[in-house]
Amino acid sequence: MSNNNKKWFSLNLGRKEKESSGACGCGKTSGGCGAASQSDQMTDAAFAEAAIHASIGEEKNKDGFEQVFDVKMDRRTAFKKLTASLLIGAGAVSTSCSVIGGDESKEKAQIDWEEQFKGNYKLMTDEEKNGTVDRLVRSYQLRTGKTISMSSKNAEEDVLFGYAFNISKCQGYMDCVNACVEENNQDRNSEMQYIRIHEMKDGKGFNFNEADDNYYHEVPAEGHFYMGTQCFHCDNPPCVEVCPVQATWREDDGLVVVDYDWCVGCRYCMAACPYDGRRFNWSKPEVPEAEINKNQHYLGNRMRKKGVMEKCTFCVQRSRAGKNPACVEACPTGARIFGNLLDPDSTIRWVLENKKVFRLKEDLGTEPKFWYFMD
Amino acid sequence: MRRLRVFRSLVKDSLDTITHGSKKYHLWMAFLTFGMLTGMYCYSIQLEHGLSVTGMTDRVSWGLYISNFTFLVGVAAAAVMLVMPTYVLKDIDFKQAVLIGEGLAVSALIMCLAFVIADMGGPSVLWHMIPGIGVFNFPNSMLTWDVLVLNGYLFLNITIPFYILFRHYQGKEAKSKVYIPGAILSVFWAVGIHLVTAFLYQGLQARPFWNNALLGPRFLASAFAAGPALIILVLAIIRSFTEFKIQDKTIKKIAMVVTVAAQINLIMLISELFKEFYAPTHHSESAYYLFFGLDGKDALLPWIWTAIPLNVLATVLLTFHKLRNNFKVLFFCCFILFVAIWIEKGFGLIVPGFIPGPYGKIAEYTPTGIEIGVTLGIWALGAFIFTILAKTAIGIELGELKYKKNKEN
Ligand code: SF4
Ligand code: SF4
């Protein structure tokens, strides 16, 4: 995804600008928003695609991906059949072939089977996306008798999500952290949290080394200020580049997401993230049935399994439904601001244009879509 | 058809050799089998409960497995230091050593792959990584490069010795026209596997400890010291336990390779230390943690302060011809060098990359018993495979294993 005229310290907005003229609507006059280079990028990618390994290279642009996808499905189907015959030979699929098994257990086995061999969500057509979502909902019903709703809503046109954090306002209440855990069905046993609130000493500046991101005392503590971090949804995300199977990617509305069913759990992305944005399921995640948030999205808060990566998705199940992420809604001080960077009337744009904003580790060229500012 | 028959007979003969041997041999194999079974048991626990049974956490997300993987890629790459002179430069001295070296490469590579799989959270969906069936993020992800080069190297290192042994088995000379191109290719390939493995870490801007241009070259230098050092030790053992004749000259030449590589490695280490400690920056903290500990957290100190003196001592001893030519000293040096580099390039490289964390958090890592069990199991697996390969190869080279035309009926 490296674009050739990348400006490291620019606000890389307006990615989806349609006109090809140099002018763009990102509200920046520096010309570094990267919108103008869009068409070049596509041809570059297409060219590289053709040049490198027609057989194993992976489609990055969606235009030409149908043809390749057809081939892939064929191969996968062949593989599926092959494995199936092997397993049947070993008698390992007794349930799915058994005549005695009830309809439900047969259906469950059928679903598990389909799920095990489905493709990468990123490359699925909308029908296939719906198919897998339906299967997951049905499988949950079969197993627990409860009904969840799961969305596979795609990114909308002309939307690019961004986030701003007001350091002056944050008091370290951690309501955002709790709201996030509840909203996103994170594992309760390991107390997984996407958000970390760093408590820093006044007069020391942004000194993360001496900050405490694991405090248990009354806040706001005298002589301290607070700063939250989470996945910054980088516009040039290193975590996406390194994934060997493209199980994690940047969606068109800027969200960096993970397909939990495609991830192989190598944790390379975790090593590549400079912002401590990723979390791994070291054991089987557990949420008490009563606490499960049943309003889910395939790429968001649906139930995960052990051995896969997960992370903040800006609450894709909420943000794509026009709501604010749970952390924004929960914050009692109004320190958190979320919105569409391409909408000139949004609050987030107002903040970016009127406040002195900065981002963390800008020298790394990751272009986070998460800004900090002070009143 | 004939080839097939020869192959069948080769398999049968080698099965015969590897199941027969002295008492010591049987004890050794039983010991390794026990190690493997323990490893498998530990791995089954890991499969059931997830990677939470290891010492790894969100803060230090790679540990013992990846450390060993990194080190073993180096061992595998080092076989090439013997391949080149033998096949290409027609240096007869190395001929016997090279088969052993390639056997070592094969077992090291299998161990590498085993370590990677042990480290995966979802081994059951590993097919997602198979090009064509899954999605292979090539060329963006260095991990896919690594998969390609490691498997390619494995293929080369199986086919070349197999061809040679297969010819010798039938009492024929191996045609140099056939294997020399392969041998030359594997020379470049070996450098490739190690460089690519270094790039795996070097390419991460998030981890300043790794994101350093010296990492790749240093990987190579330390690999070409540790790998041949292991080969010397193995040759010494083979020499004393089998009929296989390995001349002193051969061992001395390999010792030369070890020495030069160890010296270069030491120079690079000094350069690295200078950069980290003369004008320390925020990015030097990992090195500080490794060598001196940070905030009273110092789990790696005993390791690194064992490794550095051993490394220096071995390099200094090896530098003097007199000492190096004394086999007792040589074997001792090879052993301590091997241990030193294992620490430096395993634990000493992988763990500090994560400490301090992206926001300065210092969370330490200690491997658990299960993790150690799996690790030992994989090492046992490697040793087991190597023993089988070496025993067959030695049998063929000594002429004990020979294809007899009419034996089959
Ligand atoms: S913050 Fe980390 S996990 Fe989030 S997009 Fe950036 S690199 Fe990826
Ligand atoms: S852990 Fe999963 S998402 Fe991360 S790099 Fe590996 S396969 Fe990709």
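In chain B, helix α1 (residues 2-19) supplies the largest share of a positive surface patch, namely three residues. Helices here (H or I, at least four residues) and strands (E, at least two) are DSSP runs, numbered from the N terminus. The patch as a whole is formed by B:Arg2, B:Arg3, B:Arg5, B:Lys172, B:Lys175 and B:Lys177. For such patches, residues need over 30% relative accessible area and no salt bridge, with like charges joined within 9 Å; Lys and Arg count as positive, and Asp and Glu as negative, while His and the chain ends are not counted. The place of a charge is taken as NZ of Lys, CZ of Arg, CG of Asp or CD of Glu. One member, B:Lys177, belongs to helix α7 (residues 176-202) of chain B. B:Lys177 counts as exposed because its relative accessibility is 72%; exposed means over 50% relative accessible area, buried under 20%, and partly exposed in between (1.4 Å probe, protein chains only). The areas come from the Shrake-Rupley method.

The model is predicted, so local features need pLDDT of at least 70 and side-chain atom pairs count only at pLDDT 80 or more, whereas totals for chains, interfaces and linings use all residues. Residues are numbered from 1 along each chain as its sequence is written, chains are lettered from A and ligands numbered from 1 in the order in which they are written, and side-chain values use heavy atoms, with hydrogens and water left out.

Chain B has 15 helices and zero strands. Its C-alpha trace spans about 75 × 55 × 45 Å along the principal axes. The radius of gyration of chain B is 22 Å, which agrees with the value near 22 Å for a compact globule of 409 residues; this radius is taken over C-alpha atoms, and the globule rule is 2.2 Å times the number of residues to the power 0.38. Of the 409 residues in chain B, 58% are buried.

Salt bridges come next. Side chains of opposite charge can pair when their charged atoms come close. Over all chains, the structure holds 33 salt bridges, each being a side-chain nitrogen of Lys or Arg within 4 Å of a carboxyl oxygen of Asp or Glu. One of them pairs A:Asp213 with B:Arg59 at 3.3 Å, N to O. This pair joins two chains, because A:Asp213 lies in the loop between β3 and β4 of chain A and B:Arg59 in the loop between α2 (23-49) and α3 (64-78) of chain B. A:Asp213 counts as buried, at 12% relative accessibility.

Within chain A, A:Arg304 and A:Glu310 form a salt bridge with their closest N and O atoms 2.7 Å apart, and both residues are buried. A:Arg359 and A:Glu367 form another salt bridge, at 3.2 Å between the closest N and O atoms; both A:Arg359 and A:Glu367 are buried. A network of salt bridges links A:Glu114, A:Glu115, A:Lys118, A:Arg135, A:Asp259, A:Asp261, A:Arg302 and A:Lys305.

The backbone has some points of interest too. Most residues other than glycine have a negative phi, and most peptide bonds are trans. A cis peptide bond, with omega about -10°, joins A:Val219 and A:Pro220, and A:Pro220 sits in the loop between β3 (196-201) and β4 (224-229) of chain A. A:Asp276, although not a glycine, has a positive phi of about 60°. At 12% relative accessibility, A:Asp276 counts as buried.

Key: Patch = residues over 30% accessible without salt bridge, like charges linked within 9 Å, V, L, I, M, F, W, Y side chains within 5 Å. Areas by Shrake-Rupley, 256 points an atom, 1.4 Å probe, with all protein chains shown as cover.
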